[in-house]
Amino acid sequence: MIDFLIIGGGIAGVSAAARIAPLGSVTLLEAEDALSYHASGRSSATFEPNYGAGPTLALNSASCGYHLQAEVLGARGLLMIGTAETADDFTVDQEQFGLNPITVAEARDMIPILKDGVIDRAAYHTDAFDIDTDKLLQSFARTARENGAQITTNAKVTAITRIKTGWEVETKTTSYFVKNIVNAAGAWVDVIAEMAGIIPIGVTPLRRSMARIPAPGDHDVSKWPMLFGAGETWYAKPDAGALIVSPAEEDPLEPCDAHTDDITLAEGLARYETHVSEPVARLLTSWAGLRTFAPDRTLVLGPDPADANFFWCAGQGGYGMQTSPAASQLLADLIAGTEPDIPAKEVAALSPARFRKPLVLVKS
């Protein structure tokens with residue numbers, strides 16, 4: 001009998017395995033032939049402490065120490081630009097991200113291809129960092145294995161049955177008898193819940209596309225900050241000597257191996273091009289991933305109110321990489337009965353219980 005079966009081998013599942021392994025026997029099942037195949041492997045990989053709201057910000061703050069210790073952060077910075085038409089969005093985003101106003105000339109010193117006569121405002125701060133996603137994932141995987149966790153790929157779950165001692169979880173080749181399930185299946189978390197007879201939360205997988213383009217004008221882009229259009233209608237980020245540009249779309253899809261939509265990608269690149277002097281001549285490659293959000297766009301961490309042996313580690317949205325150290329630690333604390341470092345108010349805001357209507361007793 002396995003103490004904890006984790007379903008999902010993205011950053012949510014692997015970080016959970018690392019934290020939970022000291023508490024009992026752990027097996028992690030990943031449906032694909034490699035870890036981090038879906039959203040985790042397609043992330044733009046940025047740590048921005050002010051990205052998100054409420055409980056997400058608490059998780060960001062609590063994750064910073066791990067990221068620094070694991071040496072997975074690289075200096076990047078965040079530059080936002082705007083126009084007269086996007087003035088309202090610019091003001092909102094500047095406040096959310098805690099950006100300092102700078103002149104357009106100062107912005108152009110950072111990114112020389114910003115278009116004259118279009119951009120009329122800019123804001124910047126240094127507190128945004130690249131995340132080495134592979135190094136982060138492997139640090140958690142290494143810790144999990146060192147503490148005895150078994151990680152199995154090509155192991156898609158096909159059935160889950162509640163039994164007296166816990167659960168029977170089946171794949172095409174193996175049946176696992178387990179005491180507890182940790183549902184870290186990304187876009188498939190509601191599918192796994194339904195298999196287990198647990199009420200789904202109602203998550204929505206949203207497609208986010210990326211295009212890698214050559215360095216504009218043969219510039220050395222390595223020191224450029226991440227570049228946001230006000231209202232998050234597009235963004236660009238240096239990557240391995242090239243530039244990643246995203247339409248920043250959020251198109252709902254069923255759980256799947258996501259692919260780009262050519263029209264959506266072209267529209268996003270066009271929005272980027274209106275702000276820069278160098279047109280996009282060609283694509284090096286493109287891809288898409290699913291960012292899965294709960295209805296309130298906040299992570300879901302903890303036991304299901306209807307079954308204390310079924311744990312949610314879900315709804316990471318666009319925050320999975322940056323929140324993984326604190327999110328996985330919170331989950332382990334809840335399992336162990338240890339008081340979390342996260343304030344109680346935030347723990348409650350992250351709990352799956354927030355989606356369950358309280359019972360109303362009617363007098364007969």
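How many bridges join S3 to strand S8, and in which sense do the two run? Two bridges join them, and the strands run antiparallel. The model is predicted.

**Open sheet S3-S8-S4**
- Three strands form an open sheet in the order S3-S8-S4, with antiparallel pairing.
- The edges are strand S3 (46-47) and strand S4 (73-75). Each has a single partner strand, so one side of each lacks a neighbour in the sheet.
- Strand S8 spans residues 129-131. Within S8, Phe-129 is the bridge partner of Phe-47.

- Strand S15 covers residues 235-239 and is mostly covered, with four of its five residues buried.
- Strand S14 (residues 226-229) pairs with S15 in the antiparallel sense, over two bridges. Here Leu-227 stands opposite Ala-236 of S15.
- S14 and S15 make a hairpin with five residues between the strands. In its turn, Gly-231 has a positive phi of about 85 degrees.
- S15 also pairs with strand S16 (residues 242-246), again in the antiparallel sense, over five bridges. Pro-238 has Leu-243 of S16 as its bridge partner.
- The hairpin of S15 and S16 has two residues between its strands. Ala-240 takes a positive phi near 50 degrees there.

**Helix H2 against H8**
- Two packed helices are described by the angle between their axes and the distance between the axes.
- Helix H2 (residues 55-70) packs on helix H8 (residues 320-336) at an angle of about 85 degrees, and their axes are 7 Å apart.
- Angles of 65 to 115 degrees count as roughly perpendicular, so H2 and H8 are roughly perpendicular to each other.
- H2 contributes Thr-56, Leu-59, Asn-60, Ala-62, Ser-63, Tyr-66 and His-67 to the contact. H8 contributes Met-321, Gln-322, Thr-323, Ser-324, Pro-325, Ala-326 and Ala-327.
- By class, the residues of the H2 and H8 contact are seven nonpolar, seven polar and no charged.

**Helix H2 against H5**
- The axes of H2 and helix H5 (residues 133-146) come within 11 Å and cross at roughly 95 degrees. H2 is therefore roughly perpendicular to H5.
- On the H2 side, the contact is made by Tyr-66, His-67 and Ala-70. On the H5 side, it is made by Lys-135, Leu-136, Ser-139 and Phe-140.
- This contact of H2 with H5 has four nonpolar, two polar and one charged residues.
- Tyr-66 and His-67 of H2 take part in the contact with H8 and in the contact with H5.

**Nonpolar core**
- In soluble globular proteins, nonpolar side chains tend to be buried together.
- The largest nonpolar core holds 62 residues. Ile-6, Ile-20, Val-26, Leu-136, Leu-301 and Leu-331 touch the most other members.
- Leu-136 of this core group is also one of the H5 residues in the contact with H2.
- Beyond its neighbours within four places in sequence, Val-26 is in contact with Ile-2, Phe-4, Ile-6, Ala-17, Ile-20, Ala-21, Gly-148, Ala-149 and Gln-150.

**Gln-94**
- Gln-94 lies in helix H3 (residues 87-97).
- Leaving out neighbours within four places in sequence, Gln-94 is in contact with Met-80, Leu-99, Asn-100, Pro-101 and Ala-123.
- Gln-94 and Leu-269 are 175 residues apart in sequence, and 23 Å apart in space from C-alpha to C-alpha.

Methods: Residues are numbered from 1 along each chain as its sequence is written. This is a predicted model: local features need pLDDT of at least 70, side-chain atom pairs count only at pLDDT 80 or more; totals for chains, interfaces and linings use all residues. Side-chain values use heavy atoms; hydrogens and water are left out. Axes are lines fitted to C-alpha atoms, for helices over the stretch in contact, and angles run from 0 to 180 degrees between N-to-C directions. Angles under 35 degrees count as roughly parallel, over 145 as roughly antiparallel, 65 to 115 as roughly perpendicular and the rest as oblique. Contact means heavy atoms within 4.5 Å. Ala, Val, Leu, Ile, Met, Phe, Trp, Tyr, Cys and Pro count as nonpolar, Asp, Glu, Lys and Arg as charged, and the others, Gly among them, as polar. Two strands pair if DSSP finds at least two bridges between them. A nonpolar core is a set of buried Ala, Val, Leu, Ile, Met, Phe, Trp, Tyr and Cys residues joined through side-chain atoms within 4.5 Å. Buried means under 20% relative accessible area, exposed over 50%, partly exposed in between (1.4 Å probe, protein chains only).
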